[in-house]
Amino acid sequence: TGKTIQALDKAINLASQNKRVLYLCFNKLLSEYLKNHISKNYSGENLVVDSIHSWFYKIIDEANLLNKINDYTGDKFIFFSEVFPSVYMDSILEIDIEPFDVIIIDEAQDILSSNYIDAIDLTLKGGIDKGRWHFFIDPLQDIFRGTDEKILQRLIGYGCAQFDLTVNCRNTKEIAITTSIYSGLNISSENALEGGICQTKFV
């Protein structure tokens, strides 16, 4: 539906109002693309864009606690779901960084677990309870089992405003149908906009 475009627009607008904004996403390639976009279209210093794991790593490195994650040899799922955010929280307390005025999370469905929300809570001025945050979520893209329904209910319990994006502004109906044919998957074209003829390239 164009969540990333809306999230980035929100981040730039808030940063332009002299708010310190941290924009985090799950996908590293997306974060690199957004950093490049920001460097060309925004000249201020109030906006930090990164993938959540790269941001965690940077803060852990600043706190000289990299050994706590580099020496870990256990289960990978436990590492990313528990160890990594836990060491990040230790690092935040160690170096006492200034909390951000606003945190924007894109692809939030991949990190809606108690450990990640607690980590974000420490990073945000006023915390999740009283701070300003914007989470952009697509439940259909939760391929890493990142959404804990209890956490979702916790966030809703804070009285946040919720908006459902119902119009597909990224993929047209023709793209959805063509993708379904080639992939064999049922790609929904419901509420998708009409578009031009698809051009398919095989690589």
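Strand 1 spans residues 21–25, and five of its five residues are buried. Strands here are DSSP runs of E with at least two residues, and helices are runs of H or I with at least four, numbered from the N terminus.

The model is predicted, with local features needing pLDDT of at least 70 and side-chain atom pairs counting only at pLDDT 80 or more, whereas totals for chains, interfaces and linings use all residues. Residues are numbered from 1 along each chain as its sequence is written, and side-chain values use heavy atoms, leaving out hydrogens and water.

Strand 1 has two partners to look at. With strand 2 (residues 47–51), strand 1 pairs in the parallel sense over five bridges, and L24 stands opposite D50; pairing requires at least two DSSP bridges between the strands. Strand 3 (residues 102–105) also runs parallel to strand 1, joined by four bridges, and here V21 has V102 as its bridge partner.

What about the helices? The axes of helix 1 (residues 3–16) and helix 2 come within 12 Å and cross at roughly 45 degrees, the axes being lines fitted to C-alpha atoms over the stretch in contact, with angles running from 0 to 180 degrees between N-to-C directions. The contact (heavy atoms within 4.5 Å) is made by T4, L8 and I12 of helix 1 and by L30, L34, H37 and I38 of helix 2.

Key. Buried means under 20% relative accessible area, exposed over 50%, partly exposed in between (1.4 Å probe, protein chains only).
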